[in-house]
Amino acid sequence: MKLAEKPDILPGTVGEGLAQRGICRREFLQFCTALTALLALPPTMTVAMAEAISKARRQSVIWLSFQECTGCTESITRSHTPTLENLIFDLISLDYHHTLQAASGEAAEHARELAMKDNFGKYLLIVDGAIPMGNPGFSTIAGISNYDMLMEAAKGAAAIVAVGTCATFGGIPKADPNPTGAVAVSDIIKDKPIINVPGCPPIPVVMTGVLAHFLTFGSIPELDSLGRPKSFYGETIHDHCYRRPFYDQGKFAQTFDDDAARQGWCLFKLGCKGPVTYNVCATTKWNDGTSFPIQSGHGCIGCSEPNFWDAGPLYEALSMPISATASMLGTAAAVGTAAGAAITWHNRSTKAAAKAAHEKVTVQELIREDK
Amino acid sequence: MNHLHLLTFARGSALNWALMLCVAGIVLRLFEIFGLGRKTDLAKPRINSPGSGWHTIFSRSLPPQGMLKREPVTYIGGYVFHLGLLTAILFFAPHIELIRSMTRLGWPSLPSPLVDASVVASIIALGVLLAHRLNNPVKRLLSGLCDYLAWTATLLPLLTGYMAYHHLFIEYTLMLALHIFSVDLLLVLLPFTKLFHTFSVFISRWYNGDIFGRKGVAS
Ligand code: SF4
């Protein structure tokens, strides 16, 4: 039965949107099943989730992009075939997104202001990109600095979703030497619930999963200490990597094109950061579940972790020193030699002084004087 | 500071400083030892004893007659611990990689399960040796804070390395950071504590062997 034929479809809800698009209930339930699995909810939640989503009002979403590369938007919107993830994405009311919206200039900003006023306290604020604190002029939209726009939009937000590593942890803009003084959303907003969805870019279905959770329960999912949804960021890539048996057996590729690499051995020695990276790439994969970097022969670069860009060379094993060099050891040896020479000189002069001060005992002195 | 920051610090600046202090400390101590010098022995050697220094370097690695029976824990525990530790440090593939990356010197590694077994043996031996040290009145009397510090500083890298390799108890990022920190600590302590015997043991054995040889005493 098509959703459109159901009598209990409420106007203005996601259900109505689905009905208008001719999405059948079976398809929608399949999507919800996938989402419940992804969110690590019990399968019995599927129907409840479907009901909740279809009855929910279209969630007003304002998307702000600051110091970023638009990769997050690319990731979330790009889909080769129209998937249900995209449809859900359509079914929220995306009231402002300066890359995707048709309006521009004054009209675009007006749309943002209107959405903020009409849905005050209820809209979901999505932010991608870091915020430059060095100088307000480093990044502006319609003449408004990123910081001012974020502070203003955050006031009326029900919750904030920081999308991508730049918004969640500062990402590449914050990488050493951080020329713009970039900070993450959570560095400056302290009074709103913030969901961090890191990744450079994040996996599309993780994004839709977080939105679905918000639509279904009206609350934010359970988060870890870095503000990331535990259901997506609870385990490392390494925990679920299909090359893991090779790691456990100590079988490592030495170069990207040796026999071991061709046989799919572990990429740890080639710099894989899978063991320290919390994300679902290994299970959800990318491009409709086609593959993920490790499956394509390249180690994980740890893009969803804080400061990943400054966390050591991308192609050095995690156990390798980051910046120690042989010349550093040479310098240390030279310092040791100089200090050793100084101590030796000191010791020898002490010895010489002792020798010089040594008074010889004469036979006379040894003769006992008679009383 | 999250776990990845800690790991980056442990294998970055902390390791750099630890390595530099270690190398500078070793060179300094060796200079100090050799620089002090000894007075020339003008006396005629009691017996003709060429090579007694070199001989002692090896002979003292073996228990004197009857001692193995009297002190089995000390000898067997000592061997197991030292061989296990050397195997882990010198023949574990990631450690060889580390040495290669800094000095361009490299050699073949042993299979990980073998290294793993030697680490377990080494940890057990350390435990047994500590218990023995605490229970044996003479050893206890001879032990000071520095000995227990050296024991702890040696155990930590073995334990954390084993736990990191097997992904035990705490998450890998933190465990690997702790492992590298424990190595940093060991490197810093090495030149300035009894752990310096790593470098001085053969020097002092040679000296003792030589001087005793000249005096006509077996060593
Ligand atoms: S390729 Fe990376 S994530 Fe996969 S097992 Fe090896 S180290 Fe772990």
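The model is predicted, so local features need pLDDT of at least 70 and side-chain atom pairs count only at pLDDT 80 or more, while totals for chains, interfaces and linings use all residues. Residues are numbered from 1 along each chain as its sequence is written, chains are lettered from A and ligands numbered from 1 in the order in which they are written, and side-chain values use heavy atoms, with hydrogens and water left out.

I start with chain B. Helices and strands here are DSSP runs, H or I of at least four residues and E of at least two, numbered from the N terminus. Chain B has 10 helices and 0 strands, and its C-alpha trace spans about 65 × 40 × 35 Å along the principal axes.

Next, the contact between the chains. Helix α16 of chain A, residues 326-357, packs against helix α1 of chain B, residues 3-36, at an angle of about 30° with the axes 7 Å apart. Axes are lines fitted to C-alpha atoms, for helices over the stretch in contact, and angles run from 0 to 180 degrees between N-to-C directions. α16(A) and α1(B) are therefore roughly parallel, the term for angles under 35 degrees. The contact residues of this pair divide into 15 nonpolar, 7 polar and 3 charged. Nonpolar means Ala, Val, Leu, Ile, Met, Phe, Trp, Tyr, Cys and Pro; charged means Asp, Glu, Lys and Arg; the others, Gly among them, are polar.

Within chain A, helix α6 (residues 105-118) and helix α7 (residues 146-155) also pack at about 30°, with axes 10 Å apart. That makes α6(A) roughly parallel to α7(A).

Now the ligand. Which residues surround the ligand? Among them are A:His238, A:Cys241, A:Arg243, A:Arg244, A:Tyr247, A:Phe268 and A:Ile294, where near means a heavy atom within 4 Å. By class, the shell has 8 nonpolar, 2 polar and 2 charged residues.

Last, the backbone. Most residues other than glycine have a negative phi, and most peptide bonds are trans. A:Thr70 has a positive phi, near 70°, and is found in the loop between β1 (60-65) and α4 (71-77).

Note on methods
Angles under 35 degrees count as roughly parallel, over 145 as roughly antiparallel, 65 to 115 as roughly perpendicular and the rest as oblique.
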